[in-house]
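Here is a short note to read alongside the structure. Please keep the view open while going through the points.

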Amino acid sequence: MRWGMVINLSKCVRCHGCVAACRVEHFLPAKITWPRLIAWEQATEQGVEVTTYPVRCNQCKEAPCVEVCPSGATSKRPDGIVQVDQNKCVGCRYCVIACPYQNRTFLSKNKDTGYFPGHPKTAFEKKGQKLYPHQVGTTEKCNFCMERIDAGLAKGLKPGIDRAATPACVNTCQARAMTFGDMDDPQSAVSLLIKGKKGFQLHTEYGTDPSVYYIDPGVAGAASNQAPENDTTGYHIRHLSTMDERAKQIFDVGKIKVGK
Amino acid sequence: MGERKVVLTTCKSCHGGCGVRVTVEDGVIINIEGNPDSLTKGTMCSKGLSSIQHVDNPYRLKYPLKRDGAKGEGKWKRISWDEALDTITSKMKEAIAESGPFSIAISQGTGRGYNRYTSRLARSIGTGNVISPGYVCHSPRLGLYGQVTGYGRLYCDYHGWGGEFPKTQIMWAKQLEISSADSEMAYWFMHSLDYAKNLIIIDPRASAYATRATLWLQPRPGSDSALAMGMANVIIQEGLWDKEFVDKWTYGFEELKERVKSFTPERVAEITWVPKEKIIQAARLFAVDTPGCIQIGSSIERQANCGYTLRAIICLMGLTGNIERPGSMISWVLPATGLIEDFYLQIPITDEMKKKIIGGDTFKLGAARTCNPDTMIKKIIAGEAPIKVWISVGGQQIVHMANTAEVVRAIKKVDFMVHCDLFMGPMAEAADIVLPVAHWLEMDDIYDMHPRFMIEAHNKAVEPPGEAKSDVWIFNEIGRRVAPKYWFDSVEDCLNDELKTGKISWQQFSKNLVSGCFGKDQVYYKYKTDYWRKGGGFPTPTGKFEFYSKALEALGYDPLPLYREPGESPLSTPELFKEYPLVLTSGYRQPFYFLSQYRNIPWLRSFAEYPIAQINPETAKQYGIQDGDWIWLESPRGRIRQKVRLFPGILKGVVMATANCFYPEEPAKGFHGLFISNPNVLTSNDHLDPMFGSPDLTCLLCKVSKCSKEDLTEEVFKTQEFGFVQTAGDEKAAVKSR
């Protein structure tokens, strides 16, 4: 059993619904965002390419964050989900640095401003403090909505098929760009997509073996103009975490940016 | 754990329509998600999901307010609902007694559930002067579908209810995937793409779909009529038209053929900047790979040639037989509850009301049931003062209308203005009384979707803050006081009346959630049966689909499509083009904002803090502009600042500015930063579409330059009146624009 996600880049239209659903689902504090969208826009010889990469914790099989965590707060569950135990986290932020995908956020005091700085916390925020508490001084990230998965499995539901057991972002996506399921099951929708549509992971060179795959099969019967033919390394955003000019541009102001 | 309940309702964060499931604990919303049992299958976008920060927003209006200072000064005093309603209704009665009911205007934002209340209130007091943004969004399409096919509402068949999905889809000046515009749901469109063979995007700007589509045409903004006529010419010259449909069911083919003959691919390529090969290929795909549909965007309706442009596009549908066929353009059959508009149509518009509609004598299609807002602005400025009382709900005319400086000048001259809203905003600041309105999560009402094959229930999930009330409550209360014959004892009575055709009570409908006509109940090929006309045919004067419209001819318009340049363009005003050498379009929308809304919702604002203008990197280089710079965009009317994004997906020489933006956090003075970034500071209201009166909002000329550091200092940026737009002062503006 290994939970995984396949994201169809041809379908994502940059609507940000997944980000909003995650914020609602986990009562995320004001300046915290678990999933993000990275805007990629370039002119090439083949033409213009506009692509949006929805990124979130990759729940890596070989997770650097687990290895560097000195307190045992970050651990890997048997189903592949990398989780953070907020009660054990000492806030050292080694994991934030170790994650080659920049998918972990440290909840510092200045990120917990309340939704409306200068005003009391809203009713929703107050409910969140009880129902899904966040701890200032710890590190957070996407956990594939493991609470939904666990509660769903306990009721005999199937994650990826039954809504109540499936991550909130997958459920809300109007483009149906995300598919969730068991990557160890060769017949699951995720396994079939990865195999049939040339699924690729980001930055395979790091040897992390992410559980989030991407496909780019094109829209309306047309081939994507940039889809990697036999390349499974995700060269589209090879620059993602190498701090060169291009990467700086991606995360810089003026782009559609998320959180921070 | 507190007491929990689940409420099923309908989203109205855009035009609306997505099914919503809300979890409420002790009167507080703790979760919101899509309703999986609805037609949108449990999906929702960022706007609807972020409604939580709407409901919880500390800046919400909670009580009726009365102006307590000069207009636009931002000083307010809390008053009771009784005082508010008494003041409003006595002002209305005064105006009616002194100047007639026509001196009252009722205005609204885009059609999202209050159309029938604004129009009913207007008609019940005897005025046809409804101010609606319809003339720059959706109404021109409906009006011309009506002229050409006899039925005013054609929509793309994304549902496959007739056994077929569209094989070739054209998305013309629209991104339905991020907008769910006009209640055609993004989810339906994106789902239907799984069955499409060809996707053709016609857009000056690249989108994710554009760069992966079968074909992407990138026209110069404002040249769409030439493109459509060119495509029609290719279809005719190459003999690709649907011969059976054209022979049997259309009128005026020969005249159309003659009219489009000169629009050769070469000539059209020159006019539109689209390579001729692409024009030919688009025409061939749409004509050969049928069925197909064309999704038309309102950017076309924000052009002063929108009528004839739409005529040309609709002719493409007729030439290819893409009418009433499964997977093409359909006029949907109504649900058992009938036509929701009957709620106001049952009060007929009298000849006298029609006669007094402002702009009605000029814009015979656009100002037949609502007035022409731009003409009204001009008349007020000219001192004709046709409007004494202005009652406004939802919309920000002050933001979306052309030539902001003139609109502000005119609105300040209106004797008495009421605005209903959830927040203080530019329009509210111009009012004398502001009424607090409930959010869609806080009200019981009926959602009317534009395609009209269903209606849905808005069910109250939580109580509104303070004394905020639903739109229907407010309109019913005003109506009861000024025209009691037409209004109701309670909101529930009113809703029951709206549902009477379906013989269903509000209580029951609220539980059912929807009344619709879906699947096998829908009827295709209506023109082949007695549905519209005995023996078959369309409900038009000729009984046919009219390439050549005698009705338009009778109104004094050209009976055929016509190519005309925008009021200001490289071709129509070459002298002006020398000074303003870039084509500007204000068609840029972000998926997390809806028109002028949501910059005060932190979750949504986090996605793009400032309005963005996209420029081709090579054009930017010419002006020394870099990614992330603030730039001035300037036209003969004024100048604004937006943040630049270098974007290879836009043509050289074209600037795409974000539309409809103000800054809710900015002070009342200057109307919440209305003049800082709003492209309508730049647009002109001097060139209007002859049929609909629509101004050129998405095609004009501009020049750009980099902002200096001084232009962006805190004092200048935030506090200077009108956000540092020098041309916005009353007299100065008039001088400078000459």
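1. The crossing of α8(B) and α10(B) is left-handed, meaning that the near helix is turned anticlockwise from the far one by less than a right angle. Helices here are DSSP runs of H or I with at least four residues, strands are runs of E with at least two, and both are numbered from the N terminus.

2. The model is predicted: local features need pLDDT of at least 70 and side-chain atom pairs pLDDT 80 or more, while totals for chains, interfaces and linings use all residues. Residues are numbered from 1 along each chain as its sequence is written, and chains are lettered from A and ligands numbered from 1 in the order in which they are written.

3. Helix α8 of chain B covers residues 224–237 and helix α10 of chain B residues 253–260; they pack at an angle of about 115°, with axes 9 Å apart. Axes are lines fitted to C-alpha atoms over the stretch in contact, and angles run from 0 to 180 degrees between N-to-C directions.

4. On the α8(B) side the contact involves M229(B), A232(B), N233(B) and I236(B), and on the α10(B) side L256(B), K257(B) and V260(B). Contact requires C-beta atoms, placed from the backbone, within 7 Å. Five of these residues are nonpolar, one is polar and one is charged.

5. N198(B) lies in strand β10 of chain B, residues 198–202. N198(B) is buried because 22 other C-beta atoms lie within 10 Å, the cut-off being 20 or more.

6. Chain A has eight helices and nine strands. Of its 260 residues, 47% count as buried.

How values were computed. A residue is buried if 20 or more other C-beta atoms lie within 10 Å of its own, exposed if 12 or fewer, and partly exposed in between; C-beta atoms are placed from the backbone. Two residues are in contact if their C-beta atoms, placed from the backbone, lie within 7 Å. Ala, Val, Leu, Ile, Met, Phe, Trp, Tyr, Cys and Pro count as nonpolar, Asp, Glu, Lys and Arg as charged, and the others, Gly among them, as polar.
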